[in-house]
Amino acid sequence: MSQPIRIGIAGLGTVGAGTVKLLREHAELLALRCGRPLQVVAASARDRKKDRGVDLAGIRLESDPLALATAPDIDVVVEVIGGSDGVARQVIETAIAGGKHVVTANKALLALHGSTIAAQAEAKGVILGFEAAVAGGIPIIKALREGLVGNRVKRLYGILNGTCNYILTTMRESGRDFADVLADAQKLGYAEADPSFDVDGIDAAHKLALLTAVAYGRPVDFAGVYVEGIRKVGALDIRFAEELDCRIKLLGLARETEHGIEQRVHPCLVPKTAPIASVDGVFNAVAVEGDFVGQTMFEGRGAGAGPTASAVVADLVAVARGHGLPAFVVPAARLASSPGSPIERHRGAYYLRLMVLDRPGVIADVTAALRDEQVSLESMLQHGRARGPDDTVPVVLTTHVTEEAAMRRALQRIAGLAMLREKPILIRIEDL
Ligand SMILES: NC(=O)C1=CN([C@@H]2O[C@H](COP(=O)(O)OP(=O)(O)OC[C@H]3O[C@@H](n4cnc5c(N)ncnc54)[C@H](O)[C@@H]3O)[C@@H](O)[C@H]2O)C=CC1
Ligand SMILES: N[C@@H](CC=O)C(=O)O
Ligand code: NA
């Protein structure tokens, strides 16, 4: 058997410890599959005494993760510290500069600096693996880079954040509160260090930016992703969605339009019959529509120690086998800077929930605003009269397909109506 591939793991948290566990439990199997052992030589740990539930025997513990990036006895550095700048970036760039391969789960960093780091890796002839950074255990980066590489991607979309999907699913099934369910997701190791990255859609946008770059061979364009999170989604919306035979999911979507590549992350109403509607809990799913392959869908756990370690190890095996591919499908210097399409050009149908005073004429005012902007109504839901002391009643309207800019103009007028008691809730309806 050949020489071992020597690994340094920067960060021994959920993903780092999970990776050590997998590499230990499957050491023989992996050595056979790679033709050489995968050996963890060193790891960085801020607290050396902490019990991480894994056997660290034989692993050198460094207090400074940068020591791994410069250590002569390490071939590949696994960066699982997190953070879009600071030490994680330093570790990665130093390792690459020193000719080491890098495997990372850090989507926040790659969404902002991925094209630059990919160019650095290519210049040094080392591999940059980031399967774990997108949809955890689902091998979607490999699917796009290899299995689907013969296609032009017409559209891709997915549930890219396990925490949000877990929250929306649990709210729907149990009627529990948003904050209460978020605390569960944090305990289970799903949530980001700053959970607002999850609930405000930022984490999903990081992942979408990476998927779009791989699917369309363009530089990672996180700034070009339109982002909304799930904080505004209320129990009422979840119930109304059910009534409309839909589910609410936080999706990331990218497609080629006549105005350029559209990238957006926001809560969506999806028909219950769409396969993605029944992807629940911490599960993620990514659907890719290719011009030759047609529709494909990949589903699996998007967060947690085991699934994420599975993806990290897949990249380590690629390194051990010497399977280097350009990080974003085409060499960094040839990434095509195609234009992005702004959200105002988006065309789609909308769900609009209004909390209004239960008075004659309210609906007429609302529909007049929609009519004036050429927004055509599809349905309206209102149940009974207001019963509460505040005399407020929810009214839900759904529209036919229209341009976002028109919808926004209408909404601005509606938001100014005296009968409106709360900020309107607008959720896009997706045709999947
Ligand atoms: N937890 C999950 O399910 C997933 C996490 N990721 C990504 O993986 C990365 C790691 O996430 P987790 O393991 O969940 O985080 P974590 O917070 O559990 O672990 C991070 C570890 O890095 C250590 N660390 C922080 N600063 C350090 C420093 N200066 N020097 C040495 N160690 C330092 C912390 O002590 C901690 O042990 C993040 O980029 C995250 O976005 C990606 C996919 C799934
Ligand atoms: N916080 C993320 C972890 C995986 O990337 C999520 O909830 O999906
Ligand atoms: Na993945």
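How do the residues of the shell around ligand 1 divide into nonpolar, polar and charged? Here are some notes to read alongside the structure.

1. **Before you start.** This is a predicted model, in which local features need pLDDT of at least 70, side-chain atom pairs count only at pLDDT 80 or more, and totals for chains, interfaces and linings use all residues. Residues are numbered from 1 along each chain as its sequence is written, while chains are lettered from A and ligands numbered from 1 in the order in which they are written.

2. **The shell around ligand 1.** The shell has 12 nonpolar, 11 polar and two charged residues. Here Ala, Val, Leu, Ile, Met, Phe, Trp, Tyr, Cys and Pro count as nonpolar, Asp, Glu, Lys and Arg as charged, and the others, Gly among them, as polar. In total, 25 residues surround the ligand, and the closest are Gly-11, Gly-13, Gly-82, Ala-105 and Ala-303; a residue is near a molecule if its C-beta atom, placed from the backbone, lies within 6 Å of it. Helix α1 (residues 14–25) gives the most to this shell, with three residues. Helices (H or I, at least four residues) and strands (E, at least two) are DSSP runs, numbered from the N terminus.

3. **Where the ligand sits.** Ligand 1 lies between domain 1 (5–133) and domain 2 (140–301 + 334–343), because both give residues to its shell. The bounds come from an automatic or database domain assignment.

4. Look for Glu-192 in the loop between α8 (178–187) and α9 (196–199). Glu-192 has 19 C-beta neighbours inside 10 Å, so it counts as partly exposed (buried means 20 or more other C-beta atoms within 10 Å, exposed means 12 or fewer, and partly exposed is in between).

5. **The largest nonpolar core.** Of its 139 residues, Val-77, Leu-210 and Val-312 touch the most other members. Helix α10 (residues 202–216) gives the most to this core, with 11 residues. Such a core is a set of buried Ala, Val, Leu, Ile, Met, Phe, Trp, Tyr and Cys residues joined through C-beta atoms within 7 Å.

6. **Domain 2 meets domain 3.** The C-alpha centres of domain 2 and domain 3 lie 26 Å apart. Their contact takes 14 residues from domain 2 and 12 residues from domain 3, where contact means C-beta atoms, placed from the backbone, within 7 Å. On the domain 2 side, β10 gives the largest share, six residues.

Note on methods
Contact = placed C-beta atoms within 7 Å.
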